Structure formats: structure tokens, C-alpha cells
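Colleague: I want to go through the ligand site with you. Show me the model, then take my questions in turn.

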Amino acid sequence: MTRILYTGNRNASSWAFRAWLALREQNIEFKEVIVDIRRPQRWQNLAEIGKFSPPAAVPVLVDDDSVIYDSVAIMEYANELGDGSLLPQDLKLRAQARSLVAWQHSTLGKVCACLSFESAFYKKKKQLTANEIHDAKWIYSLWEQYLTKNLGEYLFGDFSLADITILPTVLRLKSHLPVPDDFPHVIIWMDKLINRPHVQEWLSEAYKLDPIYCEGYYSS
Ligand SMILES: N[C@@H](CCC(=O)N[C@@H](CS)C(=O)NCC(=O)O)C(=O)O
């Protein structure tokens, strides 16, 4: 049995972070290959991935002869390989959790696009624009609604793929704009999420790396 997860740099690859975390949270054994996605070597390294995975992107999980690409597919696979606890048991709650995962994956992740995952690790943060502050607060208010409604420690009660999918945005936004006191559930949830041992493992490695500066960050 060979199971290899190709990830990216700890301080750059938010998609790989999600896939890696779902596997770790389900105690699935795998070997990890970190692909350097910094420019200029990015293109050559991803071209190598493209030899066996059509999107030529990370993350990609190769499980014996199965090639599973896209972070959401890998997260779902990790959940099914494991005990299934990363999605709610209740049918309707599960569908709602999947809705949030899909929305984040397709659209919501683009909010505050200039605050890239890389920027969560910068020591010197940029001054946020009025639009960024407005959008970040809107996202905080959305999360507060989920957390209030589902009456648990996490977005859908128990820790789930929804929390994993949102985590990189938590790191991007929180590191630039502390959560205002009017979102008390968000403050507690973020703290729990960030302090999960596997999350800490990834982050402690990410903070040790040289920052990867994204063009236009300080001028946007
Ligand atoms: N929708 C994909 C996105 C994966 C993705 O964009 N990964 C980046 C690295 S974090 C990448 O490899 N991009 C390839 C490229 O820029 O051509 C997923 O969720 O896995």
C-alpha cells in the first residue's frame, strides 16, 4: 500500500493544508511530499505533478493507483476512509455543512483576495482598506450566525470539514483584523480551531519559514 499526499509550502498552500489536516484528523497514514510552489521553480515542479494529475496542482493524493485531486475530494475521501465523523450524522445538517464547504471553495474564499494565505504569516501587516474591513466583518457575522444557530463548539456542532475548509480564511482575516467583541462565538471558535494539535503542527512549521511576499500586498 502506498499513499502519498503531495502538498505545498506550509506558508503558501492553503488548499494542501485542508487536505493534509483532514487526513491527519482521521489518523490516516500517508507519506507527504512537499512541492515547492514558490516562483520560479513553481512552474517546473507543478509540471511534474501534471504528469500524473491533470490539474497540475497541489494537493493531490495518490493512493495506490488512484489519483485524487482537489482539496474537497481529498477531504471527503479522508472522512470516508476514517470514521466519517468529519461530517454531521444528520442528513440536513450534513447538506448544510457541504453547502458551506462548496460556497467557500467556489466563491467565499475570494473575499479579501489581497489578504492571501501567505500574508497571514507576514510580521508587518498592511493597512486594511475600508472595503476589506467591511468584508471581513461581514464574514465574521456569517460565522457568528452559524455558531449561534448550531449550538456547538464548531460551525456545525462538532468539528467538521466545514471548519477545515474555512480555517485558512480564519487565519488570513484574524491576523489582519482582530475579531470585534460583538462576535463572541467567533472568538471562542477560532481559538479552539487554531489550537487543535494538528493545526498547531502545520502552523508551527509555517511560522518558521521565510515569508513569501505576494505582489501588490502593501500597495493594495
Ligand atoms: N481547487 C483546487 C485548487 C488547488 C490549487 O490552486 N493549488 C495551488 C497551490 S496552493 C496550485 O497548485 N496551483 C497551480 C497553478 O497555479 O497552476 C483544490 O482545492 O485543490
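Colleague: Which residues surround the ligand?

Modeller: This is a predicted model, where local features need pLDDT of at least 70, side-chain atom pairs count only at pLDDT 80 or more, and totals for chains, interfaces and linings use all residues. Residues are numbered from 1 along each chain as its sequence is written, and side-chain values use heavy atoms, with hydrogens and water left out. The shell is Ser 13, Trp 15, Ile 37, Arg 42, Leu 46, Ala 56, Ala 57, Val 58, Pro 59, Asp 70, Ser 71 and His 105.

Colleague: Which residue has a side-chain N or O atom 2.5 Å from an oxygen atom of the ligand?

Modeller: Polar contacts are pairs of N or O atoms within 3.5 Å. A backbone N or O atom of Val 58 lies 2.8 Å from a ligand nitrogen, and a polar side-chain atom of Asp 70 lies 3.1 Å from a ligand nitrogen. The side chain with the 2.5 Å pair to a ligand oxygen belongs to Ser 71.

Colleague: What share of the ligand's accessible area does the protein cover?

Modeller: Areas come from the Shrake-Rupley method with a 1.4 Å probe. On its own, the ligand has 510 Å² of accessible area. The protein covers 72%.

Colleague: How many nonpolar, polar and charged residues does the shell around the ligand have?

Modeller: Ala, Val, Leu, Ile, Met, Phe, Trp, Tyr, Cys and Pro count as nonpolar; Asp, Glu, Lys and Arg as charged; the others, Gly among them, as polar. On that scheme the shell divides into seven nonpolar, three polar and two charged.

Technical notes. Near = heavy atom within 4 Å. Polar contact = N/O pair within 3.5 Å; in protein donor to acceptor, adjacent residues only side chain to side chain.
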